[in-house]
Structure formats: C-alpha cells, structure tokens
Amino acid sequence: MKNKLLTAVSAVMLLVPWTILPLRTFDWALESPVAEIMIACYSAFMIFSGVFTIISYVKAKAQNNLMKICLIVNSLYAVAGVVFLGMMLNTHFM
C-alpha cells in the first residue's frame, strides 16, 4: 500500500511542472518580480520532486514500472530545476 501511494504521489508530481505553461499566458505572469518568483518556485518543486522520487525508489523500495518512469522523468526535472536556479542566480548576482 505504501509503495502504491509513493508511486501515485510521484506520478502526480510529473504533471505539476507543466502547469506553468497556462499560467505564463497571463500578462501579470510575464512581469519581472512575478516571473522570477514563479520560476524559482517551480524549480524548487522540480528539485523536491526529483529528490522525493529518488528517495522513494531507493529507500522505500517502490520499484515498479511506473515508478521507474517517474524516477527518470523527475530526475530530469530535478536537473533542469538546478540549471534554472543556477541561471537565475548567475544573472541576479552578475
């Protein structure tokens, strides 16, 4: 039961980063402070979801086929989140 719950949470976390696309269609989402905060929050969530999925896969032994897909995609999301935060910090401090 615990493995199914962890897999379901990881699967839902796959879809959340894509919700930025409809939000970015609004004019208020493209202005400077809102856009930076939104990207930082989504990047932090992507990093969290990658770490959560890795921990769930390794420590909790939730190793089914859906979890393997979630592990790959959320790990890529985590790497992208680190890159996005790094680019934001690079432009902010330079």
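Val-83 is partly exposed, with 42% relative accessible area; in this scheme buried means under 20%, exposed over 50% and partly exposed in between, for a 1.4 Å probe with protein chains only. The model is predicted, so that local features need pLDDT of at least 70 and side-chain atom pairs count only at pLDDT 80 or more, whereas totals for chains, interfaces and linings use all residues. Residues are numbered from 1 along each chain as its sequence is written, and side-chain values use heavy atoms, with hydrogens and water left out.

The protein contains 4 helices and 0 strands, where helices (H or I, at least four residues) and strands (E, at least two) are DSSP runs numbered from the N terminus. Along the sequence the pattern reads α-α-α-α. The C-alpha atoms fill a box of roughly 45 × 30 × 15 Å along the principal axes. Of the 94 residues, 29% count as buried.

Val-83 lies in helix H4, which spans residues 65–93. Its C-alpha atom is separated by 8.7 Å from that of Ser-43, 40 residues away along the chain. Together with Val-79, Phe-84 and Met-87, Val-83 makes a nonpolar surface patch of about 360 Å². Patches consist of residues with over 30% relative accessible area and no salt bridge, like charges being joined within 9 Å and nonpolar side chains (Val, Leu, Ile, Met, Phe, Trp, Tyr) within 5 Å. A salt bridge is a side-chain nitrogen of Lys or Arg within 4 Å of a carboxyl oxygen of Asp or Glu.

The largest pocket has a volume of about 220 Å³. A pocket is an open set of points on a 1 Å grid over the protein atoms alone, where a 1.4 Å probe fits, with protein on both sides within 12 Å along at least five of seven lines; lining residues have an atom within 4 Å of a point. The volume is the space filled by probe spheres set on the points. Among the lining residues are Trp-18, Ile-39, Ser-43, Tyr-77 and Phe-84. Helix H2 (20–23), helix H3 (32–58) and H4 each supply at least two residues of this lining, and the largest share, 4 residues, comes from H3. By class, the lining divides into 10 nonpolar residues, 1 polar and no charged.

Helix H3 also holds Val-51, which is partly exposed at 43% relative accessibility. The C-alpha atoms of Val-51 and Val-16 are 15 Å apart in space, and the two residues are 35 residues apart in sequence.

Methods: Areas by Shrake-Rupley, 256 points an atom, 1.4 Å probe, with all protein chains shown as cover. Nonpolar A, V, L, I, M, F, W, Y, C, P; charged D, E, K, R; others polar.
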